[in-house]
Amino acid sequence: MIGPIVNSASTLVGGVVGGLLVDRLSEKFRTQLPMTFGAASMAIGITLTIKIHMLPPVIASLLIGAIIGEVLSLEKRIGVAASKTRFIFDKISPPKQNSNLSQEEYLDKFIGVLVLFVASGSGIFGSINEGITGDPSILIAKSFLDLMTAGIFATALGLSVAAIAVPQFIVQLLLLLFGRSLLSVTTPGTVADFSELGGIIMFATGFRICGIKSFPIANMLPGLFIVMPLSGFWSTYLLPWIQAVG
């Protein structure tokens, strides 16, 4: 589990350093770089979508997952948790530069960053990939970006960004163990469709970070647990039937 340890450590270090250096960075520096990270998120999303195997199960998983997320109010629940996190860390390190953010603005930015670190296509795929192949290179490469990204966002959101390292490690560790359990059932096609859906979510996350459109990112996440079995079912049963009927 080298990848989850390195990745979460980079987020922790970046969040702490950024939170402590908030007074030493200019407003322009703090506001312009997140736009670049948003663009990077969209670029990663586009790269992942190229790996598509079967489009129908990916779109179906996205829609079904979004419905589940809406019913469970995942976005709202994460927002409540983020609000409590801000309160705890503001007690430890009172906000200065980030105090001009309203609660709604803070939650919107925090949720976007939380998804970027914890539920990004590269992070989820990298964790499962390490579980299946034992190769941590994807998560290690992601760690360099997360180190800088956490530092920049911490200058606006405070030390609460460092706390994201905890759910990030837990999620990646669980996904790594999940990947190990899938060794006998995964195929290149199901993994490709999984990456495709992660890419769509990453692309939407980029829009949110850049402030272009606030997609309900958290509500899309259940689709990531649906797409692989649905992709396998589509390829094994539905597609042959459609081809036979046609």
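This is a predicted model: local features need pLDDT of at least 70, side-chain atom pairs count only at pLDDT 80 or more; totals for chains, interfaces and linings use all residues.
Residues are numbered from 1 along each chain as its sequence is written, and side-chain values use heavy atoms, with hydrogens and water left out.

Let me begin with the salt bridge, meaning a side-chain nitrogen of Lys or Arg within 4 Å of a carboxyl oxygen of Asp or Glu. The count by this rule is one salt bridge, and the partners are K142 and D146, whose side chains meet at 2.5 Å, N to O. Both residues belong to helix α7, residues 137-157, where they sit four residues apart, about one turn of the helix; helices here are DSSP runs of H or I with at least four residues, numbered from the N terminus. K142 and D146 are both buried, that is, under 20% relative accessible area with a 1.4 Å probe and protein chains only, where exposed is over 50% and partly exposed lies in between.

Q172 counts as buried because its relative accessibility is 1%. Leaving aside neighbours within four places in sequence, the residues in contact with Q172 include G3, F117, L139 and K142, contact meaning heavy atoms within 4.5 Å.

Finally, consider V13, which lies in helix α1 and counts as partly exposed because its relative accessibility is 45%.

Notes
Helices (H or I, at least four residues) and strands (E, at least two) are DSSP runs, numbered from the N terminus.
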